[in-house]
Amino acid sequence: MAKITFDGIEVEVPDGTTILNAARTIGGSIVPPAMCYYTPLKGSGGKCRACLVRVAAGSAKDPRPMPKLVASCVTPVQDGMVVENTTSQQVLDVRKGIVEMLLINHPLDCPVCDQAGECDLQNFAFEHGVSTTRYEEERRTFDKIDIGPLIQLHMTRCILCYRCVYTADQLTEQRVHGVLGRGDAAEIGTYIENIIDNEFSGNVIDVCPVGALTDKTFRFKQRVWFTKPVNAHRQCENPKCCGKVVLWYKGKDVMRVTARKDQYGEVKEWICNTCRFDKKETADWTIEGPAHIDRSSVISANHYELPVLNAQVIADLPESSVRDLEQNPPMRLGN
Amino acid sequence: MGRKLLTEHINVEGIDTIEVYRKHGGYRSVEKAIKTMTPDEVVEEVKKSGLRGRGGAGFPTGLKWSFLAKPEGVPRYLVCNADESEPGTFKDRQLMSKLPHLLIEGMITSSYALGANTSYIYIRGELLYVLRILEKAIAEAYAAGFLGKNILGSGYDLDLYVHPGGGAYICGEETALLESLEGKRGNPRNKPPFPAVSGLYARPTVVNNVESIAAVPVIVNDGGDEYAKIGVGKSTGTKLISACGHLNKPGIYEIELGVPVEEFIYSDEYCGGIWKGRDLKAVVAGGSSVPILPKELILKTAAGEPRLMTYESLSDGGFVTGTMLGSGGFIAMDETTCIVRNTWNFSRFYHHESCGQCSPCREGTGWLEKILHRIEHGHGTERDIDVLASVAKQIEGNTICPLGEAAAWPVSAAIRHFRDEFEWHIRHPQEATRPGAVYPGKAVLA
């Protein structure tokens with residue numbers, strides 16, 4: 001076990017835990033945002049740099065601070081480590097810079113994007129970014145690539161988190177899409193246009209943090225915050241499919257089916273394409289009840305469940321940090 | 001003239017064959033190390049020599065070797081980084097093509113010291129002709145019994161392979177190199193774990209530059225203490241400097257660390273001064289990624305001391321008034337050089353070579369290039385300079401690998417030392433974009 005201090009809060013976690021996961025055991029608004037890290041996907045993380053934190057003391061043995069900010073999602077904890085996230089102005093400033101970088105080539109077409117309302121980038125930019133841009137150059141765009149009848153790939157919106165690549169690697173027999181090209185010309189694509197066709201391909205829609213991969217059967221049908229999420233399950237014939245889903249209702253119609261996500265937007269159990277795309281009748285499912293959406297986005301703001309309050313867990317902060325926080329409050333929906 | 005440890009016999013006829021190379025003392029270090037020394041003794045000699053990594057970072061080689069994890073029953077690897085791609089640096093290419101056996105001898109001795117039974121030379125894809133030279137030399141070394149099973153009857157086995165890359169700059173970063181060597185896309189890995197613990201095929205691995213490995217035979221032959229006598233302070237031994245730009249005698253020079261920069265540029269022994277009788281304007285001392293310095297600061301430190309070609313002296317004053325020795329790619333620019341154009345050119349390179357894995361570098365390098373392109377072509381605005389500096393700062397230190405810093409440093413340094421020239425471009429676009437335009441000096445801005 002290793003004992004670390006995260007934003008003034010002490011927590012004990014097993015050795016080898018990453019800083020991010022240690023912070024998640026505390027929970028609340030001190031958890032660093034993550035755009036590319038995805039717990040169920042081995043190898044993910046370290047790319048978007050949204051979760052950078054400052055390590056003020058490396059370990060009990062070697063209490064020197066780390067020279068650079070580290071990606072909390074891939075850096076394991078050491079006993080005696082002291083980590084600063086919301087208590088470090090440097091971290092907050094750098095995070096603003098990361099938002100700016102992620103947005104310079106993003107089309108910001110949220111008004112017509114199906115992901116809006118449950119978009120990690122939207123939340124991230126809202127909470128940590130600034131509302132103006134200094135970018136005057138032409139934005140990078142891509143032609144749309146056809147990857148089959150079920151999934152729409154809109155590369156211009158992609159932030160290259162690689163999650164869909166890992167999903168295809170770890171969930172399906174053969175991956176047909178990947179990252180082509182280099183630098184800001186890098187793109188997700190199938191080499192020589194190819195259809196992504198296997199029973200679990202739909203999961204790339206769920207893992208995509210932005211609107212780059214969307215459900216073609218749901219495109220432009222409904223804004224997500226006008227739909228009512230309901231937990232349901234069915235006995236799926238596919239042994240790899242868990243059969244536990246969220247049905248998104250508008251009136252009496254099931255608009256779409258997704259896997260269940262936790263408060264960090266992570267799917268714990270995958271579902272197959274039959275459940276996702278073909279079973280869109282209430283009769284196909286056993287209804288469990290309203291789904292609890294615990295995310296700091298507009299999707300939980302217009303919820304028919306009681307509004308979810310962000311737990312206030314930073315009561316034990318040192319006085320100087322409290323002062324800093326009061327002067328520079330981290331913006332958070334619902335606070 | 002200083003001593004030449006690596007390149008003493010570089011111009012001997014037929015030195016690329018094993019017979020001639022051995023006549024000039026080749027492969028002595030292999031015999032000495034394998035027959036008379038334990039691996040740890042070789043590591044100890046390298047530690048004593050004070051040899052620092054010649055690829056750019058200047059990390060002590062002996063120390064790096066001692067960090068190598070040595071779990072029982074798990075193979076270890078030595079990988080030679082011959083993916084020399086830094087603009088301005090061309091020393092390894094020459095060393096490998098002229099003295100292939102020196103590198104192979106170094107690889108054998110180093111592999112023995114690290115206990116590696118398989119070693120790789122990862123060579124840049126463009127250098128196919130060097131690859132053929134190396135493969136021929138390796139075949140000769142196998143035939144002579146220096147490679148393969150039971151080397152010199154000692155029971156030590158070593159196989160050496162040369163592997164060409166696809167020509168991406170990023171594959172010179174050690175973890176991207178390992179990914180590429182494994183046959184994957186050359187994306188740098190997150191660290192930790194470091195290669196010394198989990199490198200090639202997740203085994204403990206040491207990655208060293210060509211020149212570092214080529215220095216090992218010299219250290220083993222003469223002893224680490226003898227090697228450490230050359231040079232100044234913690235910068236020991238000799239270093240290959242590839243000098244290019246507006247010099248009378250550009251080329252590769254093996255210098256004893258500690259030669260004054262002024263002597264290196266102006267003495268006839270080395271570069272012979274600036275061409276066409278012009279004045280020096282600026283120098284990039286260690287390959288395109290290190291900060292550019294104006295003439296006043298490269299010849300003398302901020303404190304007025306003469307600057308020496310050592311790791312410490314060149315970085316004296318931090319990045320405010322100093323730079324780095326880097327990989328030894330010494331680029332000199334005369335008074336007619338346009339710093340804005342030069343910075344744009346460097347930026348274009350890093351934009352093209354960014355792997356696109358992490359967001360600050362992927363997006364930031366393109367942004368830098370676009371702004372610099374605009375300023376250079378007469379469409380800059382006053383705000384651009386501050387945006388440039390701030391974008392560079394947002395990239396620096398926040399990326400997975402050092403390519404982010406390599407892209408940010410030249411831009412920050414150019415603005416730090418030549419801000420007035422950027423302002424001239426922005427305020428007098430018509431003059432600045434005229435073909436052959438030369439910045440007339442601060443007076444025009446008043």
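Colleague: How many residues of chain A are in contact with how many of chain B?

Modeller: Contact here means that the C-beta atoms of two residues, placed from the backbone, lie within 7 Å. By that criterion, 26 residues of chain A meet 23 residues of chain B. The model is predicted: local features need pLDDT of at least 70, side-chain atom pairs count only at pLDDT 80 or more, and totals for chains, interfaces and linings use all residues. Residues are numbered from 1 along each chain as its sequence is written, while chains are lettered from A and ligands numbered from 1 in the order in which they are written.

Colleague: Which element of chain A gives the largest share of that side?

Modeller: Helix H2 (residues 89-104) of chain A does, with six residues. Helices (H or I, at least four residues) and strands (E, at least two) are DSSP runs, numbered from the N terminus. The side of chain A that touches chain B comprises 15 nonpolar, four polar and seven charged residues. In this scheme Ala, Val, Leu, Ile, Met, Phe, Trp, Tyr, Cys and Pro count as nonpolar, Asp, Glu, Lys and Arg as charged, and the others, Gly among them, as polar.

Colleague: Into which domains is chain A divided?

Modeller: Domain bounds come from an automatic or database domain assignment. Chain A has domain 1 (2-100 + 312-327) and domain 2 (110-301), with C-alpha centres 27 Å apart. Their contact takes 19 residues from domain 1 of chain A and 20 residues from domain 2 of chain A. On the domain 1 side, H2(A) supplies the largest share, four residues.

Colleague: How is a pair of packed helices to be read?

Modeller: Two packed helices are described by the angle between their axes and the distance between the axes. In chain B, helix H16 (residues 359-376) and helix H18 (residues 403-427) pack at about 20°, their axes 12 Å apart. Axes are lines fitted to C-alpha atoms, for helices over the stretch in contact, and angles run from 0 to 180 degrees between N-to-C directions.

Colleague: Which residues of H16(B) and H18(B) meet?

Modeller: Among them are B:Leu368 and B:Ile375 in H16(B), and B:Val411 and B:Phe422 in H18(B). The residues of this contact divide into nine nonpolar, three polar and one charged.
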